[in-house]
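Dear colleague,

Please find below the structure that I am handing over to you. A summary of the findings follows it.

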Amino acid sequence: AFGELVGVRCVAAWEALGRPARVRLAEAGPGRGTLMADLLRASAAFPAFREAVCGVHLLEVSPFNRASQRSALEPLVAAGQLHWHAAVSELPQEPVLLVAHEFLDALPVHQFVRTRVGWREKLVDLRAGGEGGGEAGGEA
């Protein structure tokens, strides 16, 4: 269901861009390709959007993952509409709707909060009893 929601959101983003005649779909860190497959299945309910999609681009460096993606997105492979890239800079210079769900989940994140003694990094601190939270060098 999540992938379908992302597909509908891509349609809304395309409409907000003024419904360009050509748009590319791209995903960073597409894993097995299931999110893109779900996204495409849901967006099929919007024929004008699907006609505007002129290619699907996956930002993936792993040959193992590319094989899984090829399998999950076989109809695109057969149509010559699936392309792999190792970097964002390799994407075509046209409107692109970029999805990066799993990719962003894998990035390390540092969160900072302002306390009465200044900025502190927020950390996770699990203690006995399941309570936790606090800042580095400061109070919770």
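The side chains of E15 and R19 form a salt bridge, with an N to O distance of 3.6 Å. This is a predicted model. E15 counts as partly exposed, at 41% relative accessibility, and R19 is likewise partly exposed, with a relative accessible area of 44%.

In the whole structure, a search finds five salt bridges. Another of them joins E94 to R24, where the closest N and O atoms are 2.6 Å apart. E94 lies in the loop between β3 and β4 and R24 in strand β1, so this pair ties together parts that are 70 residues apart in sequence. R24 is buried, with a relative accessible area of 11%, whereas E94 is partly exposed at 25%.

E4 and R41 also form a salt bridge, their closest N and O atoms being 3.0 Å apart. Here E4 belongs to helix α1 and R41 to helix α2, 37 residues apart. Together with D38, these two residues are linked in a network of salt bridges.

Beyond its neighbours within four places in sequence, L39 is in contact with G3, V6, G7, C10, L25 and V99.

Yours sincerely

Definitions and conventions:
Residues are numbered from 1 along each chain as its sequence is written. This is a predicted model: local features need pLDDT of at least 70, side-chain atom pairs count only at pLDDT 80 or more; totals for chains, interfaces and linings use all residues. Side-chain values use heavy atoms; hydrogens and water are left out. Contact means heavy atoms within 4.5 Å. A salt bridge is a side-chain nitrogen of Lys or Arg within 4 Å of a carboxyl oxygen of Asp or Glu. Helices (H or I, at least four residues) and strands (E, at least two) are DSSP runs, numbered from the N terminus. Buried means under 20% relative accessible area, exposed over 50%, partly exposed in between (1.4 Å probe, protein chains only).
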